[in-house]
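Here is a friendly walk through one structure, meant for someone seeing it for the first time. Have a look at it before reading on.

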Amino acid sequence: MPSDKSHVDAHAIKRSLAGRGLRSTPQRYAVMAFLMEQPGHPTAAEIFEAVNRVDPRSSRATIYNNLRDLVQAGLVREVAVEGRAARFDAKGMRHHHFICDRCGIVEDVDWYDVPRPAAASLGKRILRECELIFRGLCMKCAPPRAPRSKL
């Protein structure tokens with residue numbers, strides 16, 4: 001999918017897929033390349049439309065199934081936005097997310113380590129990772145001089 005001018009490293013994508021036991025199909029590669037080029041957090045429908053503009057042979061089901069496989073492999077993160085379509089991003093640099101209650105924009109927030117919950121609170125659950133999702137009003141939606149939260 002990426003053009004010669006693209007800054008996406010084709011070999012890195014193929015290595016990351018192989019490293020997680022996934023074949024590098026044209027559709028899977030196209031989904032990863034598109035996500036790695038995105039500064040934002042597109043929906044599955046937006047990913048499908050973008051991939052299909054370049055290669056119209058991909059079905060919606062194929063793109064959605066590849067997204068699911070990439071999420072399960074830990075290469076892509078699905079960010080659930082209440083009442084709206086989920087958003088996706090290629091993991092890359094670790095970061096948290098801020099979701100605006102009003103407009104639904106998903107923004108990256110710098111990473112910092114989150115303390116692990118006490119073992120007793122997890123029971124027999126096996127923790128894979130901890131991440132934070134901050135919710136509130138983004139800078140565009142917040143009223144001027146809004147009081148800051150004292151969390």
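First, some ground rules. This is a predicted model, where local features need pLDDT of at least 70, side-chain atom pairs count only at pLDDT 80 or more, and totals for chains, interfaces and linings use all residues. Residues are numbered from 1 along each chain as its sequence is written, and side-chain values use heavy atoms, with hydrogens and water left out. Helices (H or I, at least four residues) and strands (E, at least two) are DSSP runs, numbered from the N terminus.

Let's start with α4, which covers residues 60-72. From first C-alpha to last, this helix of 13 residues reaches 18 Å, close to the 18 Å expected at 1.5 Å a residue (the expected span is 1.5 Å times one less than the number of residues). Its buried residues (under 20% relative accessible area; exposed is over 50%, partly exposed in between, with a 1.4 Å probe and protein chains only) are I63, N66, L67, D69 and L70. Looking down the axis of α4, you'd find these buried residues within an arc of 165 degrees, so they line one face of the helix (the arc is that of the directions from the helix axis to the C-beta atoms). In general, an α-helix has 3.6 residues a turn, so residues three or four places apart point the same way. The cover over the buried residues of α4 includes α1, α2, α3, β1 and β2. After α4 comes G74, with a positive phi near 85 degrees.

How many of the six residues of β3 are buried? Six of the six are, so this strand (residues 95-100) is largely enclosed by the rest of the structure. H95, H97 and I99 point one way, while H96, F98 and C100 point the other. β3 runs antiparallel to β4, joined by five bridges, and parallel to β5, joined by four (two strands pair if DSSP finds at least two bridges between them). H95 sits opposite D110 in β4, and H97 opposite I133 in β5.

W111 is in the loop between β4 and α5. W111 and H95 are 16 residues apart in sequence, yet 4.2 Å apart in space, C-alpha to C-alpha. Leaving aside neighbours within four places in sequence, W111 is in contact (heavy atoms within 4.5 Å) with R94, H95, H96, C130 and E131.

**Salt bridges**

The structure holds six salt bridges (a side-chain nitrogen of Lys or Arg within 4 Å of a carboxyl oxygen of Asp or Glu). Here are some of them.

| Pair | N to O distance |
|---|---|
| E46 and R87 | 3.4 Å |
| R57 and D55 | 2.7 Å |
| R135 and E82 | 3.9 Å |

R135 lies in β5 and E82 in the loop between β1 and β2, so that pair ties together parts 53 residues apart in sequence. There is also a network of salt bridges linking R28, R68 and D69.
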